[in-house]
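Student: I have a structure to go through. Can we test its labels against their definitions?

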Amino acid sequence: MKLLITGGAGFIGSHLCEKYTKEGHGVICLDNFLSGNLLNVRHLLDYRNFKLIKGDVRDFNLVEKVMSDVDVVFHLAAQIHVDRSYIEPQLTYDVNVAGTQNVLQAAKMLDIKKVIYASTSEVYGSAQYVPIDEKHPLNAPHPYGASKIAADRMCYAYTQTYGMNVFILRFFNIFGPRQRDLGYGGVISIFTRRILSNMPPILYGNGLQTRDYTYIKDAVKAYDCVLKYDKPYTEPINFGTGHEVSIIDLANKIIDLCGKRGSMEPVNVEPRIGEVKRLIARADTARELLGWEPSYVLENGLTDFIDWYKKYGFEERLRME
Ligand SMILES: NC(=O)c1ccc[n+]([C@@H]2O[C@H](COP(=O)([O-])OP(=O)(O)OC[C@H]3O[C@@H](n4cnc5c(N)ncnc54)[C@H](O)[C@@H]3O)[C@@H](O)[C@H]2O)c1
């Protein structure tokens, strides 16, 4: 198959590029390196079936051109950080909403077989009931979540209006190798970097806010289930483990797994504005429709990730700086 992966030089996208390139599919990675990095895909550049295009999903003509010869589009390109969305709401809107609209419109014009859109659990806002199923109201309190709601609903509108085959994947938090560990990074990467560098993890507020963490290998497996599913399905699909973990427990688990118990404690600072309090997935649709089941419990994923980080994390970061 010929696959386009937008945001393919980012954390999740680079794992998809790697899997499908190594399986022999034709893979095009489109990325403008807003938060992605060439180092995430440089090992694929020697493969003749892998093509990297530096470009922007906000550019409709480019998107249309790049999509002219592909079977399936994995659309992941986005401004993904909640904090950055407070500072740059316009950028967040332009990339996440208008960029997605460009992908959908080009897919419609080119009659693309399947579009797989990376939505997020952040669309739900704080849980009104748990676990959160796909019928939960969409109450995101921040520009990032609002932009993802708009894009998620545009995907749905294209399925209803034009009969297109667009899958809407609502992932809860994903972690693993290549997730950024500085600035606008992922909490597990940031905690791991700090703890292994003998700096305590920082908790915003009391640390009792909860999330549901999926290891990257299970997220890649989820994408593959969707790619191989050969019927249409237009409703959103949650992907998460159903296990609720508070940030303070997460920090303490990482302190233990890094062997730093006794030398540090998490530090509390002022809460973040509008931070979602509670997110836990009900992923029955993913299980029943697609046969997806996560293989990693949190501890196993953390152990795998911390091993990777000790071997490559610091080195990768130094090269990226
Ligand atoms: N990481 C998570 O926990 C998580 C959870 C749910 C959903 N998602 C979604 O998954 C997708 C990928 O997230 P990620 O964690 O890999 O983040 P990431 O920041 O590593 O990847 C996003 C990629 O998109 C690229 N990009 C940004 N703007 C672009 C533009 N205008 N044109 C082309 N490329 C652009 C970035 O450079 C980056 O490589 C996002 O859509 C995100 O909303 C992520």
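Tutor: Start with Phe171. Its relative accessible area is 4%.

Student: Why is Phe171 called buried?

Tutor: Buried means under 20% relative accessible area, exposed over 50%, partly exposed in between (1.4 Å probe, protein chains only). Phe171 has 4%, so Phe171 is buried. Phe239, at 0%, also counts as buried.

Student: What is the source of the model?

Tutor: This model is predicted: local features need pLDDT of at least 70, side-chain atom pairs pLDDT 80 or more, while totals for chains, interfaces and linings use all residues. Numbering runs from 1 along each chain as its sequence is written, and side-chain values use heavy atoms, without hydrogens and water.

Student: What makes the pair of Phe171 and Phe239 stacked?

Tutor: Rings of Phe, Tyr and Trp (its six-membered ring) pair if their centres lie within 6.5 Å; planes under 30 degrees apart are stacked, over 60 edge-to-face, the rest tilted. Here the centres are 5.0 Å apart and the planes at 25°, so the pair is stacked. The structure holds 15 aromatic pairs. Phe171 and Phe239 also belong to one aromatic cluster with Tyr20, Phe74, Tyr223 and Trp292.

Student: Which residue lies over the face of Tyr204?

Tutor: Arg272, at 3.9 Å from the ring centre. The rule: NZ of Lys or CZ of Arg within 6 Å of the ring centre and within 35 degrees of the ring normal. Lys108 lies over the face of Tyr162, at 4.7 Å.
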